[in-house]
Amino acid sequence: APLIYFIPRPLLASIVIVAIIDMIEYEQAIMLYKTHKPDFVLLIVSFLGTLAAGILQGILLGVGASLAVIIYRSAYPPYAELGRMPGSHTYLNTKRYKQAATIPGLVIVRVDGSLYFANTQFVKKILRGYIYGDEKKNTRAILMECSSVSDIDSTAARALMEIGSDAQKKNIQLFFTCVKGPVRDKIKRCGLLQVFGTDNFFWHVQDAVDHFYRHYLRQEPPNITEEADKMHKVGSHSPRPYEDTVFSPFAAAEQQASGGTHHHPYDRSSNEHNVGGAIITTEEIGIEMDEGARSPGSDYSPHIFAMKEEEVQRTP
């Protein structure tokens with residue numbers, strides 16, 4: 001343009017910089033660095049690609065890098081070995097919570113992701129590590145906690161059959177628990193139920209643990225009420241562990257900071273319970289120490305496929 005032809009380029013560049021300086025959100029970059037470094041790396045890759053090759057090339061580079069990260073995360077999902085928190089039926093990551101105790105002879109493992117062809121080799125490696133691992137541990141059963149598994153494909157189903165065969169050769173049982181409805185439907189169709197049998201699928205982790213204690217250790221599972229009473233110091237006014245179950249992992253830190261306690265809504269030391277801010281009695285909600293749902297006269301069974309259910313079609 002004739003009007004700005006003789007303006008020096010550095011001056012034109014400064015005009016552009018001043019115009020777009022407010023578009024640079026460096027606070028976002030700092031936040032990504034603090035909270036999730038892979039996202040920060042993707043930001044830097046896109047930024048440098050844009051500077052070096054151009055806007056379109058930088059965007060394509062960022063998209064390609066993001067897809068690579070997604071594939072890597074799905075191919076190598078996080079997993080954790082779980083242990084029981086003292087005085088409770090809560091099972092948590094033993095590396096994150098040192099007080100979570102493992103059960104001799106039983107390995108409880110949770111895979112945080114759907115099982116499909118991309119990660120079957122990784123999952124097989126994890127489970128075979130427990131099967132062919134340290135023989136001194138005398139592993140007799142492996143329990144897969146499937147609450148994070150929302151889908152399973154045919155490749156993963158075949159891989160689980162192979163793992164089951166390997167475990168059987170070592171005289172190790174493979175159990176499953178917390179299996180979601182859509183996954184249960186596919187388990188029925190792909191033949192996994194016929195391979196493992198209905199007795200190896202449980203609703204809850206504690207159901208499987210109770211089964212392991214009674215059928216493999218030949219003893220009754222620990223009584224958490226008695227266990228919590230033993231942990232409770234005589235003369236102490238602090239709540240017993242089973243009276244102070246923390247639902248949120250952040251609640252423990254909050255109660256320590258405030259010096260208060262975080263009470264379980266169903267306080268087992270009392271006949272009254274706080275439900276949604278309303279005080280109701282045990283009789284009104286029909287529970288007593290969680291035994292109502294598992295009483296002999298109820299329709300409840302600890303084995304998932306022992307109970308009749310209707311298959312639900314997934315809508316797009």
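Student: In which sense do strand β1 (residues 79-84) and β2 pair, and over how many bridges?

Tutor: Two strands pair if DSSP finds at least two bridges between them, and strands (E, at least two residues) and helices (H or I, at least four) are DSSP runs, numbered from the N terminus. Here β1 and β2 run in the antiparallel sense and are joined over 3 bridges. This is a predicted model, in which local features need pLDDT of at least 70 and side-chain atom pairs count only at pLDDT 80 or more, while totals for chains, interfaces and linings use all residues. Residues are numbered from 1 along each chain as its sequence is written, and side-chain values use heavy atoms, leaving out hydrogens and water.

Student: In which sense do β1 and β3 pair?

Tutor: The pairing of β1 with β3 is antiparallel as well, over 4 bridges, and Glu-81 stands opposite Val-109 of β3.

Student: What is the order of the strands in the open sheet?

Tutor: The open sheet has 6 strands with mixed pairing, and reading across it gives β2-β1-β3-β4-β5-β6. At the edges stand β2 (91-93) and β6 (201-202), and each has a single partner strand, so one side of each is left without a neighbour in the sheet. Helix α5 (residues 120-131) packs on this sheet and touches β1, β3 (106-111) and β4 (141-145), where contact means heavy atoms within 4.5 Å. The direction of α5 makes about 170 degrees with that of β3; such angles run from 0 to 180 degrees between the N-to-C directions of axes fitted to C-alpha atoms, for helices over the stretch in contact.

Student: How many aromatic pairs does the structure hold?

Tutor: A pair of aromatic rings is described by the distance of the centres and the angle of the planes. There are 10 aromatic pairs in this structure, counting rings of Phe, Tyr and Trp (its six-membered ring) with centres within 6.5 Å, called stacked under 30 degrees between planes, edge-to-face over 60 and tilted otherwise. One of the pairs is formed by Tyr-76 and Phe-122, which are edge-to-face at 5.3 Å centre to centre, with 75 degrees between the planes. Tyr-76 lies in the loop between α4 (55-75) and β1, whereas Phe-122 lies in helix α5, so the pair ties together parts that are 46 residues apart in sequence.

Student: How many cavities of 30 Å³ or more are there?

Tutor: Rolling a probe the size of a water molecule over the atoms shows where empty space is left. The count is 3 cavities of 30 Å³ or more, a cavity being a set of points on a 1 Å grid over the protein atoms alone where a 1.4 Å probe fits but cannot get out, with lining residues having an atom within 4 Å of a point. The largest cavity holds about 70 Å³ of space, and its lining includes Leu-115, Met-144, Cys-146, Phe-176 and Phe-201.

Student: What lines the second largest cavity?

Tutor: Its lining consists of Leu-115, Asn-119, Thr-120, Val-123, Lys-124, Ala-156, Ala-159, Leu-160 and Ile-163. The elements that give two or more residues to this lining are α5 and α6 (154-169), and α6 gives the most, with 4 residues. The second largest cavity has a volume of about 60 Å³, a volume being the space filled by probe spheres set on grid points, which are joined across faces, edges and corners.

Note on methods
On a 1 Å grid over the protein atoms alone, a cavity is a set of points where a 1.4 Å probe fits but cannot get out, and a pocket is an open set with protein on both sides within 12 Å along at least five of seven lines; lining residues have an atom within 4 Å of a point.
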